[in-house]
Amino acid sequence: MAATALKPSIAKPPPSLFPKSPQPFSRFSLPIRPPSQFHRPATLRITNVLSKPTPTTTTTAPQQFISRFSSDEPRKGSDVLVEALEREGVEHVFAYPGGASMEIHQALTRSQTIQNILPRHEQGGIFAAEGYARATGRPGICIATSGPGATNLVSGLADALLDSTPLVAITGQVPRRMIGTDAFQETPIVEVTRSITKHNYLVLDVEDIPRIVKEAFFLATSGRPGPVLIDIPKDIQQQLVVPDWDQPMRLPGYLSRLPKFPNIGILEQIVRLISESKKPVLYVGGGCLNSGDELKRFVELTGIPVASTLMGLGAYPCSDDLSLQMLGMHGTVYANYAVDKSDLLLAFGVRFDDRVTGKLEAFASRAKIVHIDIDSAEIGKNKTPHVSVCTDMKLALEGLNKILESKRGSLKADFSSWREELKEQKTNNPLVFKTFGEAIPPQYAIQVLDELTNGEAIISTGVGQHQMWAAQYYKYNRPRQWLTSGGLGAMGFGLPAAIGAAVGRPDCVVVDIDGDGSFMMNVQELATIRASKLPIKILLLNNQHLGMVVQWEDRFYKANRAHTYLGDPANESEIFPNMLKFAEACNIKAARVTKVGDLRAAIQKMLDYPGPYLLDVIVPHQEHVLPMIPSGGAFKDVITEGDGRSSY
């Protein structure tokens, strides 16, 4: 496998690739090159089901990809890699260079279509790639060097796997002859990430690059989406080759396991269960984000109320009368009430996560359960359903809607009394918060942001109390509007995710609602925001504490503080650190607001400013996220009163 042993074969003329529609551009000036005039490759979007073993990814006529190399011209493996990305429709990557990935970065400078957004930390890069993927529906791409560069991607890969985010991570590796010798900056990243990726590759033959990249994108975006890692030794990147772009994918086992179209008989059985029920509830998750229109039509046809998971927010409009908003540990009382009292639970695109179910035996204990999900491993894993379908939610909903439309006159499904019961619960148990003098309630800050943006902004968050308040008090009315770390709960996600969203959706207002603890974990990405001229707004809810841990200390540890204060113990009266100085260091406009009467004007000023802006909102640390069902509890254990000003 030595580099000198390579005998390049002459590739056939490059085949056609698929066209891509241009991206909308923001009114703000972004340092992003326009798409190439020479070719428009297809945008690869998430597809979950194959009707045939052979994948198809386009609906429009293909156009020929025009390479900057002649068909028989040898080029470096790094140039083959970059062209493979171009052929997949990649326009943006989030890449941080190092010794083992320098060749890739040199090749990127020769690309006319791919723009690198330079993060200031590899974790920032992969979280930005996740934000890009979640906001656009296209796979996010990040690149890092070997050793510590690669290991800095680990949290992002785990996050993408748990939250089903399509991601292709590319890492440089030491030359093949040095693998296993404990060489400088060598880590076996394929072994390190095996359990937190959907699949990964170590490239040992330069001629495999076109096929491996094609497979990686297909794997990342088909079935249940997830992260794929490609590890490329430096000598492979430097090796000359004439690539064969016609290599077929070698995924027979994977293709055979992809879910097929749903069985019409089972769908009719589900419709029959709906007609027989009196108190049905929809429990929808991130698996419904690609089928928002079909979900809305299903609700129109049935009139069934909708409760969303944290990851499912936006799949169905939160401001709609039939929305119960979020269920689970910090879900609304009426959403959890509906699930507890239901006689039919339609679990669509969900995995019965512990933060939703609490005590499994008590969750939806009165209901028949219908579980539809793309991943067969999730069906029956935590809760045994009465009826299950392993398929793409979009196809399942389309099939259900066709049956419901054909039976509109004969279907006996009147849930008006059930809806009235839930309407009464909404009236009696609304989301509420208290005010204390001039202090700013964090919930109110998010409520004002929702009003001033008309609920249309893309929101990213870190992890903690601010994340839960952002889920409760901002009304998400469309898919891909809400970007958060759900399964992994990775602090530091919000700021870089906002970068990815701003790059992928320059037509949208992007706001990072963050806490001071999460914000500081990737504060260096302020430099990326400034250098890339991204008009990101940062609403920083600063309580000088690790708020969610403090809440648990208050409730379950007699308010004993165990290293949860983030300020300066020697000067607790001062705000520390001074977040405005972080912004100033990166030449980003910033302001601080401490009084509730000044809040609305301060948020409006932030939104009106044409560039990036940080608003430091000082909030009391005694606030608790309510409602709250304690871990392992049931609906009967729900807590709706109290905060850190009380003793427990």
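This is a predicted model: local features need pLDDT of at least 70, side-chain atom pairs count only at pLDDT 80 or more; totals for chains, interfaces and linings use all residues.
Student: Is Cys 508 buried or exposed?

Tutor: Cys 508 counts as buried, because its relative accessibility is 18% and the limit for burial is under 20%. Cys 142 is also buried, with a relative accessible area of 1%.

Student: Turning to aromatics, how many aromatic pairs does the structure hold?

Tutor: There are 14 aromatic pairs. One of them joins Phe 433 and Tyr 444, with ring centres 6.4 Å apart and planes at 50 degrees.

Student: Why is that pair of Phe 433 and Tyr 444 called tilted?

Tutor: The angle of 50 degrees between the planes makes the pair tilted, because stacked rings need planes under 30 degrees apart and edge-to-face rings over 60.

Student: Which parts does the pair of Phe 433 and Tyr 444 tie together?

Tutor: Phe 433 is in the loop between α15 (416–428) and α16 (442–452), while Tyr 444 is in helix α16, so the pair ties together parts eleven residues apart in sequence. Phe 433 is partly exposed at 25% relative accessible area, and Tyr 444 is partly exposed at 21%.

Student: What about the rings of Tyr 474 and Tyr 476?

Tutor: Their centres are 5.1 Å apart and their planes stand at 40 degrees, so this pair is tilted. Tyr 474 is buried at 0% relative accessibility, and Tyr 476 is buried with a relative accessible area of 0%.

Student: Which residues do ring pairs link into a cluster?

Tutor: The cluster consists of Tyr 283, Phe 352 and Phe 363.

Student: Where does the charged end of Arg 87 sit?

Tutor: The charged end of Arg 87 sits over the ring of Trp 245, 4.2 Å from the ring centre. Likewise, the charged end of Arg 645 sits over the ring of Phe 436, at 3.6 Å from its centre.

Student: New topic: what should helix α7 span?

Tutor: Helix α7 covers residues 209–221, and at 1.5 Å a residue its 13 residues should span 18 Å. The end C-alpha atoms are 18 Å apart, which agrees.

Student: How many residues of α7 are buried?

Tutor: Twelve of the 13 are buried, so α7 is mostly covered. Among the buried residues are Arg 211, Glu 215, Phe 217 and Phe 218. After α7 comes Gly 223, with a positive phi near 55 degrees.

Student: And strand β7, how many of its residues are buried?

Tutor: Strand β7 (residues 167–173) has seven of its seven residues buried. In a regular strand, side chains alternate between the two faces of the sheet. In β7 both faces are covered, with Leu 167, Ala 169, Thr 171 and Gln 173 on one side and Val 168, Ile 170 and Gly 172 on the other.

Student: Which strand do seven bridges join to β7?

Tutor: Seven bridges join β7 to strand β9 (residues 227–233), and the two run parallel. Leu 167 stands opposite Pro 227 in β9. Strand β6 (residues 140–144) also pairs with β7 in the parallel sense, over five bridges, and Ile 141 has Val 168 as its bridge partner in β7.

Student: Lastly, what does UniProt list for residues 267–400?

Tutor: An unreviewed UniProt entry lists that stretch as "domain: Thiamine pyrophosphate enzyme central". In the model, residues 267–400 are 31% helix and 20% strand, and the end C-alpha atoms are 6 Å apart.

Terms used. Residues are numbered from 1 along each chain as its sequence is written. Side-chain values use heavy atoms; hydrogens and water are left out. UniProt positions are given in the numbering used here, feature names are shortened, and annotations may be inferred rather than shown by experiment. Helices (H or I, at least four residues) and strands (E, at least two) are DSSP runs, numbered from the N terminus. Rings of Phe, Tyr and Trp (its six-membered ring) pair if their centres lie within 6.5 Å; planes under 30 degrees apart count as stacked, over 60 as edge-to-face and the rest as tilted. Buried means under 20% relative accessible area, exposed over 50%, partly exposed in between (1.4 Å probe, protein chains only). A charge sits over a ring if NZ of Lys or CZ of Arg is within 6 Å of the ring centre and within 35 degrees of the ring normal. The expected span of a helix is 1.5 Å times one less than its number of residues. Two strands pair if DSSP finds at least two bridges between them.
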